[in-house]
Amino acid sequence: MSRKMEFEELIPVLIAEHAEMKRDLTEVREAVSRKDFLSASKLLRELDRLFKQHIADEEAQVLRILIDAYGVEWADDAITVFRQHGPIYDLMEKVKKLAVLSTEELASYEEVLRQLLDEHTLAEESRVFPRALSTYNGHAVAES
Ligand SMILES: [Fe+2]
Ligand SMILES: [Fe+2]
């Protein structure tokens, strides 16, 4: 299910959510280090809900604009970047289960998840979103 709002309004919301997801993840780590597993699982449930909504919007709206304008072949960069949603989501699920199991394993998965999320959001903010915005505003932009 995706939110209905103007596309120019959606992009800043998505970028704010990147920061929010990273903050949540930091709080998860802090909760785990205090052995506060109840808070950790609660935060992970929130993160999970946010991430699902977020990727639904990216795939339904950002990707759609690029594919409509350039076709699948020339929206290749965005498709590659959005293909990371699956692995990120799987890792999140793993972290969610570990939040009640093992502190050490959880820390290492959280680290990988954090790294993936950082790379992913950087690619979106530096390449995919600017291109989608320019395209939406009527300027064709080649992939960088
Ligand atoms: Fe994404
Ligand atoms: Fe994103």
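Me: How far apart are the end C-alpha atoms of helix 2, and what would a straight helix reach?
Reply: In this predicted model, helix 2 has 38 residues and its end C-alpha atoms are only 45 Å apart. A straight helix would reach 56 Å at 1.5 Å a residue. The expected span is 1.5 Å times one less than the number of residues. Helices here are DSSP runs of H or I with at least four residues, strands are runs of E with at least two, and both are numbered from the N terminus.

Me: Where is the kink in helix 2 centred?
Reply: On aspartate 68, with a kink of about 90°. The bend at a residue is the angle between axes fitted to the seven residues ending there and the seven starting there.

Me: Before going on, what are the numbering and confidence conventions?
Reply: Residues are numbered from 1 along each chain as its sequence is written, and chains are lettered from A and ligands numbered from 1 in the order in which they are written. The model is predicted, so to speak of local features needs pLDDT of at least 70, side-chain atom pairs count only at pLDDT 80 or more, and totals for chains, interfaces and linings use all residues.

Me: What pLDDT does the chain average?
Reply: The average is 89, and 95% of the residues score at least 70. pLDDT is the predictor's confidence in each residue, from 0 to 100.

Me: How long is helix 4 from first C-alpha to last?
Reply: It reaches 20 Å with 14 residues, close to the 20 Å expected at 1.5 Å a residue.

Me: Which residues does aspartate 48 touch?
Reply: Met92 and Lys96, not counting residues up to four places away in sequence. Contact means C-beta atoms, placed from the backbone, within 7 Å. Aspartate 48 is in helix 2, and its C-alpha lies 7.4 Å from that of methionine 92, 44 residues away in sequence.

Me: Is aspartate 48 buried or exposed, or in between?
Reply: Partly exposed, because aspartate 48 has 16 C-beta neighbours inside 10 Å.

Me: Which members of the largest nonpolar core touch the most others?
Reply: Leu25, Val28, Ala40, Leu43, Leu44, Leu47 and Val95, out of 13 residues. Helix 1, helix 2, helix 4 and helix 5 each give two or more residues to this core. Apart from it lies another core of 11 residues, among them Leu10, Ile11, Val62 and Phe129. A nonpolar core is a set of buried Ala, Val, Leu, Ile, Met, Phe, Trp, Tyr and Cys residues joined through C-beta atoms within 7 Å.

Key:
A residue is buried if 20 or more other C-beta atoms lie within 10 Å of its own, exposed if 12 or fewer, and partly exposed in between; C-beta atoms are placed from the backbone. Two residues are in contact if their C-beta atoms, placed from the backbone, lie within 7 Å.
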